[in-house]
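Please look over the model below with these notes beside it. Each point takes up one part of the chain.

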Amino acid sequence: MSMNNLVLLAREPEAAAENCAVIYARFSTKNQDPRSVEDQQRNCLRYAQDEGLTCILVLKDEGISGAGDDRPGLNQLREIARKKPPVFRHIIIDDSSRLSRDNIDAQTLVFREFKAAGIVVHDVAGKLRSDDESAEMVWGFRGIIDAMYVRDMRKKVIRGMEGRALAGFSTGGRCYGYQAVPEPKPADPTHPRRKLVILESEAVVVRRIFRMFLDGKGSHGIAHVLNEEHVPGPRYPTWLANTIEHVLNNERYIGKVFWRTGEWRKHPITKKYTYKPRPKEEWLIRDDPTLRIIDADTWDAVRKLRAARGKFRPGRPVGSKSALRTLSGLLFCGVCGSKLFVHASKRANGGPWVGYACGANRRGGEVVCSNGRMMSEAKIRDIILEHTLNHLSTEKFNDWVEVGRRRWAESVQRDARENREAAALAESIRTQEGRIERVLEMVASGAGSTDLLKRKLASEEEKFVAMKARMAKLLSPRVRRAPTVDAEALRAKLAKVGDLFSTKPDEARMVLQGFIRRATMIPTDDGVKWRISLQPSLVTPAAANTPAKLDSVGRAEPTTAQLGAVSEDGK
């Protein structure tokens with residue numbers, strides 16, 4: 001019988017988890033042999049049999065690096081490990097690197113998270129259990145080795161890419177005006193390299209951008225012209241002023257190829273990658289006349305003209321670099337979906353005036369977005385606060401809060417009930433497999449009618465498959481429940497946020513983000529209409545798998561609550 005998912009479990013339901021184990025397998029890249037997971041699973045099953053453990057589930061991540069901890073299979077393993085009562089007490093991995101190649105992550109998972117849940121991790125290759133006295137020290141040494149493997153592999157990749165760059169071959173990436181073509185006769189056919197060549201259809205556009213700039217057009221004007229003529233942009237169908245600036249600053253167009261100008265670094269806690277420039281003395285610069293699109297005279301003339309015009313400053317007004325805007329990132333255009341950016345700042349009635357407008361319209365023109373409206377930050381703030389407070393005071397919202405509390409309690413009870421069912425089902429699966437084995441023994445011994453035994457075997461196997469399917473469903477990850485809502489606390493918190501805009505804008509921004517998911521500007525004949533989308537926890541009952549969401553007037557709403565507000569002039 002297949003042991004890929006669910007097999008023998010302990011005898012008593014309350015003790016079933018003590019001998020139950022889950023196998024976790026992983027291979028790193030799609031270039032690896034997918035059978036690697038099958039090999040790991042076979043080794044783990046053999047180990048479980050020798051140790052007297054019963055495997056109830058196999059979780060795997062295919063083609064995913066072990067350097068991070070955000071993996072579907074690993075996340076499901078961690079979620080099942082938190083169940084009460086426990087469904088299993090053992091995790092079996094082929095070797096420590098399958099769980100994680102980050103030493104800190106591995107130590108946290110094994111000796112903090114899993115240990116706190118009473119779970120023992122077994123390393124088959126190292127013949128190591130996490131409950132051994134020296135396990136944490138040995139696991140730490142192995143984790144250091146696994147982490148060193150990742151760092152060494154990174155160095156080897158960089159070394160190989162550097163060799164390609166110095167030899168004049170492409171190292172990846174896309175640059176407008178060029179295309180990468182395979183080398184005609186590769187020295188190593190199994191690892192062919194690619195060489196950059198000029199793509200004339202795009203090179204014509206690059207030369208035209210430089211000419212238009214010398215003829216007096218600015219970045220915005222050039223973008224508008226190209227968009228009106230429907231010239232495709234480098235990455236998107238349209239051009240923006242920032243894109244034009246990148247073209248005018250790209251030294252690749254005069255035949256200079258740069259390598260090692262920066263690197264992507266992963267934050268050890270958040271696991272997010274950020275780009276860090278390298279010191280100029282570490283740069284590798286190579287001149288390649290075959291890649292020259294712009295001649296030296298044109299390049300120098302553009303440099304002089306740019307210096308005379310001054311530095312290009314897109315978006316934020318001069319002098320507002322350090323100003324914190326409480327609404328930035330929350331406002332969107334209702335025509336094209338782009339974010340609204342601070343576009344103007346001036347003195348009006350003795351005080352500062354800050355306006356928001358569609359960035360795509362301002363940088364790409366009417367072809368990109370027809371929404372040319374602008375509205376002051378103060379007016380937008382008043383609209384958002386007023387209509388959000390009105391929504392939190394409606395009877396419908398109070399009803400949702402009460403429904404949410406009730407559904408929250410029901411979902412907690414359902415989770416506990418399903419966890420108990422999973423533990424009891426473990427015993428049923430063990431008993432059912434025993435019945436199947438006894439029928440197989442009778443068939444092998446020739447006792448009784450063969451046809452009758454075959455029908456009996458088919459019936460018992462059908463029950464066994466149904467039990468395994470039910471167990472898999474009980475152990476499947478669930479949608480996270482939203483927390484219950486304290487309506488009075490929310491209203492009091494939002495009522496005070498207005499005083500924070502001028503005194504503590506960073507705190508005001510955090511409070512506002514807890515209420516507002518996005519606010520969309522929609523131009524109308526009479527002015528501007530705002531569609532305010534609240535956070536899901538404010539418009540739906542707090543429970544998992546809620547089928548329908550409600551808008552601000554209590555109607556079924558597929559995504560968000562929409563609160564309409566119209567300004568008279570849109571300014």
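1. A polar contact is a pair of N or O atoms within 3.5 Å; within protein, one of the two must be able to donate a hydrogen and the other to accept it. The model is predicted, and this term is needed for the next point.

2. Start with Trp239, which sits in the loop between helix H7 (219-228) and helix H8 (241-249). Is this residue, Trp239, buried or exposed? Its relative accessible area is 0%, and buried means under 20%, so Trp239 counts as buried. The side chain of Trp239 reaches the backbone oxygen of Pro232 at 3.3 Å. Trp239 and His220 are 19 residues apart along the chain, and 9.2 Å separates their C-alpha atoms.

3. Next, the cavities. How many cavities of 30 Å³ or more does a search of the whole structure find? The search gives two. The second largest cavity holds about 50 Å³ of space. Its lining consists of Ala165, Leu166, Val257, Trp259, Leu284, Ile285 and Arg286. By class, six of these lining residues are nonpolar, none is polar and one is charged.

4. Which elements supply the lining of the second largest cavity? Helix H5 (135-166), strand E8 (254-259) and strand E11 (284-292) each give at least two residues. The most comes from E11, with three residues.

5. Helix H12 covers residues 395-445, 51 residues in total. From its first C-alpha to its last, H12 reaches 73 Å, which is close to the 75 Å expected at 1.5 Å a residue. Just after H12 comes Gly446, which takes a positive phi of about 85 degrees.

6. Strands E16 (residues 516-523) and E17 run antiparallel and are joined by seven bridges.

7. Why can strand E17 (residues 528-534) be called largely enclosed by the rest of the structure? Five of its seven residues are buried, so the description follows from that count. As a general point for reading any such strand, side chains in a regular strand alternate between the two faces of the sheet.

Definitions and conventions. Residues numbered from 1 in each chain as written. Predicted model: local features only at pLDDT ≥ 70, side-chain atom pairs only at ≥ 80, totals over all residues. Heavy atoms only, no water. Buried < 20%, exposed > 50% of the residue type's maximum accessible area, 1.4 Å probe, protein only. Helix = DSSP H or I, 4+ residues; strand = E, 2+ residues; numbered from the N terminus. Pairing = 2+ DSSP bridges. 1 Å grid on protein atoms, 1.4 Å probe; cavity = no way out; pocket = protein on both sides within 12 Å on 5 of 7 lines; lining within 4 Å. Points joined across faces, edges and corners; volume = space filled by probe spheres on them. Nonpolar A, V, L, I, M, F, W, Y, C, P; charged D, E, K, R; others polar. Expected span 1.5 Å × (residues − 1).
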